[in-house]
Amino acid sequence: LKELCDGKVTADGIAYFLGADMDEADKRVIDANWSKFDENGKAIFDEGGKIKKGPLYKKADLKGLI
């Protein structure tokens, strides 16, 4: 868990030095990931067991955040 937190601190530091809006980027990426789920909030899996992009999927738009 410590290493996961260290990775987030490192990523946040790099984003800061780039002048990126990391909070908004996080929000947009999380929204895009949740859009992979169906209208009932259920994950859609491919034959390999990976969550796939369903019909409601929208790609995260990160333009303008740096």
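## A walk around the model

Start by selecting isoleucine 66, which sits in the segment after α2, the helix spanning 22–34. Keep in mind as you go that this is a predicted model. Isoleucine 66 counts as exposed because its relative accessibility is 74%, over the 50% cut-off.

Next stop, some charge. Zoom in on one of them, lysine 50, and you're in the segment after α2. Is lysine 50 buried or exposed? It counts as exposed, since its relative accessibility comes to 59%.

Now try lysine 36, which also has its place in the segment after α2. This lysine is buried, yet it has no salt bridge. Which side chain of opposite charge is nearest to lysine 36? That's aspartate 46, and it is 10 Å away. Show what touches lysine 36, skipping neighbours within four places in sequence, and you'll find Ile44, Ile51, Lys52, Lys53, Gly54 and Tyr57.

Leucine 4 lies in helix α1, which covers residues 2–18. With 66% relative accessibility, leucine 4 counts as exposed. Draw a line between the C-alpha atoms of leucine 4 and isoleucine 44: it spans 27 Å, for two residues that are 40 apart in sequence.

Key:
Residues numbered from 1 in each chain as written. Predicted model: local features only at pLDDT ≥ 70, side-chain atom pairs only at ≥ 80, totals over all residues. Heavy atoms only, no water. Helix = DSSP H or I, 4+ residues; strand = E, 2+ residues; numbered from the N terminus. Buried < 20%, exposed > 50% of the residue type's maximum accessible area, 1.4 Å probe, protein only. Lys, Arg positive; Asp, Glu negative; His and termini not counted. Salt bridge = Lys/Arg side-chain N within 4 Å of Asp/Glu carboxyl O. Contact = heavy atoms within 4.5 Å.
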